[in-house]
Amino acid sequence: MESAIPKYKFQFLNEFALKIVAIITMTFDHVGALLCSFNHPDSSLYLTGYIFRIIGRIALPLFIYMLVEGMVKSKHRGRYLLRLAIMAVTIDIAMIFIYYFINHDNSLIPAFNDLLINGAILYFLLHHKKNICFLAILPLLISILSFGVDVYETLNPNIIIEWFPFYLRGDYSLFATFLTLGIYLGHYLAKKKTQAFLGQIEFDDSYRQGYYQVYVNIIGVVVLLLINVIIYFLSYLNIDPYYSNLQTWSIFAGLIYFFYNGKRGYDAKWFKYSSYIYYPVHIIIIYFIFYLIYM
């Protein structure tokens, strides 16, 4: 049965490759955010920072893609979600300390909040108990509230919603949520197509390759494109919480989606846990360097 599954040579990127690209582009984004924060808009360093932020737009869509992959394929979704929760809380604590004691700047709002929120949505949707699925509405409401508050503050730049501080919000809010649900829908439809072609099979990772993954990848590209088109047109209504001139560059992450083969690749434990630890460590290091240079 497995031999009936076609393989495609253009699918040469595994999850390890996606994670490396996401980590590198994320680092560019965070360095760029501080370059823009500490320099005048007319300076060459600000321009450099802006270019770095454009490169960094690739990171979040890749992390979202891997989030969906992890939740769909994992046999221990609770543990997966717990790791996200531990990292989100750890990073939020670090951001609170930086914001209140080092530099009153929130340009590095933790994207781990978005991963936790949308990981929780998937956890409930994928739960084997159907009555649990309805709990997905709770993290979804947090994403909607994050979007609403960000829009309100964008339209009223002199007002800050104190009761819902930045370190509790999803920075990418509905952008991340719609992308998560779109890619998840791709997996659902691809599974139906595969089962229709091969019969009612018991799914494992060997079936989530070939045309199955092509199907998911194409849907991911289409969803990412549609979200960016919506963001672009919303900016004409002065609703621009994602800074469309910057965020719409994230469409290039779709090129990486297309070449993904659905395989895990290198997955040693040291790398798995190091990739989690890297997020708070690199933020602290970057802030410390900029603090020494500019303060």
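Modeller: Exposed means over 50% relative accessible area, buried under 20%, and partly exposed in between, with a 1.4 Å probe and protein chains only. This is a predicted model: local features need pLDDT of at least 70, side-chain atom pairs count only at pLDDT 80 or more, and totals for chains, interfaces and linings use all residues. Residues are numbered from 1 along each chain as its sequence is written, and side-chain values use heavy atoms, without hydrogens or water.

Biologist: Why is Y243 called exposed?

Modeller: Its relative accessible area is 57%. The cut-off is over 50%, so Y243 counts as exposed. Y243 sits in the loop between helix 8 (211-234) and helix 9 (244-247). Helices here are DSSP runs of H or I with at least four residues, strands are runs of E with at least two, and both are numbered from the N terminus. Y243 also has a positive phi of about 55°, although it is not a glycine.

Biologist: What makes S173 buried?

Modeller: A relative accessible area of 1%, which falls under 20%. S173 belongs to helix 7. Its phi is positive too, near 35°, and it is not glycine.

Biologist: How do you know that E69 and K73 form a salt bridge?

Modeller: The term asks for a side-chain nitrogen of Lys or Arg within 4 Å of a carboxyl oxygen of Asp or Glu. The closest N and O atoms of E69 and K73 are 2.7 Å apart, so the pair qualifies. They are four residues apart in helix 3 (residues 59-73), which means about one helical turn between them. The structure holds six salt bridges.

Biologist: What makes D150 and R169 a salt bridge?

Modeller: Their closest N and O atoms are 2.9 Å apart. The pair links distant parts of the chain, 19 residues apart: D150 in helix 6 (residues 137-155) and R169 in the loop between helix 6 and helix 7 (173-198).

Biologist: Why is R169 called buried?

Modeller: Its relative accessible area is 7%, under 20%, so it is buried. D150, at 16%, is buried as well.

Biologist: Why are helix 1 and helix 11 called roughly parallel?

Modeller: The axes of helix 1 (residues 15-38) and helix 11 come within 11 Å and cross at roughly 20°. That makes the two helices roughly parallel, because the class takes angles under 35 degrees, while over 145 is roughly antiparallel, 65 to 115 roughly perpendicular and the rest oblique. Axes are lines fitted to C-alpha atoms, for helices over the stretch in contact, with angles from 0 to 180 degrees between N-to-C directions.

Biologist: What makes helix 1 and helix 2 roughly antiparallel?

Modeller: The axes of helix 1 and helix 2 (residues 44-56) cross at roughly 150° and come within 7 Å. The angle is over 145, so the pair is roughly antiparallel.

Biologist: What makes F288 exposed?

Modeller: F288 has a relative accessible area of 51%, over the 50% cut-off, so it is exposed. F288 lies in helix 11 (residues 269-294). F288 is one of the residues that make a nonpolar surface patch of about 1,000 Å², with Y273, I277 and M295 also among them.

Note on methods
Patch = residues over 30% accessible without salt bridge, like charges linked within 9 Å, V, L, I, M, F, W, Y side chains within 5 Å. Areas by Shrake-Rupley, 256 points an atom, 1.4 Å probe, with all protein chains shown as cover.
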